[in-house]
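Here is a quick briefing to read with the structure open beside you. Have a look around first, then work through the notes by topic.

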Amino acid sequence: MGTAFSFLISPTQASTAPQSKPGLGDLPESCVASVLVYLDPPEICKLSMMNRAFRGASSADFIWESKLPANYDSLIQRVFQEDDSSGQSNNFPENLCKRDIYSRLSRPNCFDGGTKRVWLDKRSGKVCLSICSSGLTITGIDDRRYWSRIPTEESRFGSIAYLQQIWWFEVDGEVEFPFPAGSYSLFFRLQLGRTNKRFGRRVTNTEHVHGWDIKPVRFQVSTSDGQQSTTQCYLNEPGKWIYYHMGDFVVANPHRPTKVKFSMTQIDCTHTKGGLCVDSVFVYPSEFRERLKLF
């Protein structure tokens, strides 16, 4: 029927018919990408759902190249080009676009036999790293009179080391990693008291907590390029996981792996100490320090 009556519309009327207005979907992908490069990754992902132009622009390699650490190739080689605990190679997938590389590195990726995890902060692209208690050297850990391994949902690694009582307390660790240039802070995640669940509620047993208010623990940090720091603090606030700040270090050369050694000691043998849960060690960009106080 529309064809039958089309002759009633004059050429002048046809030319003045209302035209659809241009929208965001009509923008060239190159223009959209030039704007997206200034946004954070979560914002880019949200805008990619607006329409086809934004979805296509959000995949541009130059956008995600700017979000990745400058030495991300070294990071991939350190984490993925090694054999895992089963003897199989943990190779990184080939031919990934930069967006998919960023996505893969933003997940917690295990290395060094599963004792360490590294990931990119999804918003900033900064490198974060954690080391579980089984990846630390703990004095007396094999003697069940002093220490025990406890499975728990409160640890990212699924278990913690629990100290019942000891005279000589010492925990050491190290990590060698191609950290991107910047300033980093180290933290011990500790809790006084052992936590259990009763009738679905979190209950902390502080029966064995003692000795930490008599003398402070000492934290020491040193790096392969000569940086050193020492701090002391008393452990307090039972029943709460706390991030105790050990010290800071600065990476100036991201193309050379930085070896970081750290320790926590309380070796005054005039008294015993106990009731401490050791979860893990975190290496975070120093600007995230305030964020950890919220936990």
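Is T265 buried or exposed? T265 is buried, since its relative accessible area is 12% and anything under 20% counts as buried. Keep in mind as you read that this is a predicted model.

**The chain as a whole**

- The chain has eight helices and 15 strands.
- Its length is 295 residues, and 41% of them count as buried.
- If you take the contacts with a separation of 6 or more, 69% of them are between residues 24 or more positions apart.

**Helix α2**

- Helix α2 spans residues 29-36, and its buried residues are V32, A33 and L36.
- Looking down the axis of α2, you'd see these buried residues fall within an arc of 100 degrees, so they line one face of the helix.
- What do the buried residues of α2 pack against? Their partners are three helices: α3 (41-47), α4 (52-57) and α5 (61-65).

**Helix α6 and I76**

- Helix α6 covers residues 72-80 and includes I76.
- Y72, L75, I76, V79 and F80 are the buried residues of α6.
- Those residues cover an arc of only 100 degrees around the axis, which puts them on the same side of α6.
- Turn to the face of α6 away from its buried side and you'll find the exposed residues D73 and Q77.
- I76 itself is buried, with a relative accessible area of 10%.
- Leaving out residues up to four places away in sequence, I76 touches Q81, F92, I101 and L105.
- I76 and P178 are 102 residues apart along the chain, and their C-alpha atoms are 9.7 Å apart.

- T265, the residue we opened with, belongs to strand β14, residues 258-266.
- Which residues does T265 touch, not counting residues up to four places away in sequence? They are F169, E170, P216, V217 and R218.
- V283 is part of strand β15, residues 276-285.
- With 1% relative accessibility, V283 counts as buried.
- V283 and L129 are 154 residues apart in sequence, yet the C-alpha to C-alpha distance between them is 5.1 Å.
- L129 is also one of the residues that V283 touches, and the others are V127, C128, F179, Y184, S185, L186 and F249, again without residues up to four places away in sequence.

- As background, most residues other than glycine have a negative phi.
- D112 isn't a glycine, but it has a positive phi of about 55 degrees.
- You'll find D112 in the loop between β1 (109-111) and β2 (116-120).
- D112 counts as partly exposed, at 28% relative accessibility.
- F199 isn't a glycine either, and its phi is positive at about 55 degrees.
- The loop that holds F199 runs between β9 (194-198) and β10 (201-205).
- How accessible is F199? Its relative accessibility is 89%, and it counts as exposed.

**The second largest pocket**

- The second largest pocket has a volume of about 210 Å³.
- Its lining is made up of 18 residues, and P69, G125, K126, P180 and A181 lie nearest the centre.
- Strand β8 (residues 182-192) gives the largest share of that lining, with three residues.
- By type, the lining residues are nine nonpolar, six polar and three charged.

Note on methods
Residues are numbered from 1 along each chain as its sequence is written. This is a predicted model: local features need pLDDT of at least 70, side-chain atom pairs count only at pLDDT 80 or more; totals for chains, interfaces and linings use all residues. Side-chain values use heavy atoms; hydrogens and water are left out. On a 1 Å grid over the protein atoms alone, a cavity is a set of points where a 1.4 Å probe fits but cannot get out, and a pocket is an open set with protein on both sides within 12 Å along at least five of seven lines; lining residues have an atom within 4 Å of a point. Grid points are joined across faces, edges and corners, and a volume is the space filled by probe spheres set on the points. Helices (H or I, at least four residues) and strands (E, at least two) are DSSP runs, numbered from the N terminus. Ala, Val, Leu, Ile, Met, Phe, Trp, Tyr, Cys and Pro count as nonpolar, Asp, Glu, Lys and Arg as charged, and the others, Gly among them, as polar. Buried means under 20% relative accessible area, exposed over 50%, partly exposed in between (1.4 Å probe, protein chains only). Contact means heavy atoms within 4.5 Å. The arc is that of the directions from the helix axis to the C-beta atoms.
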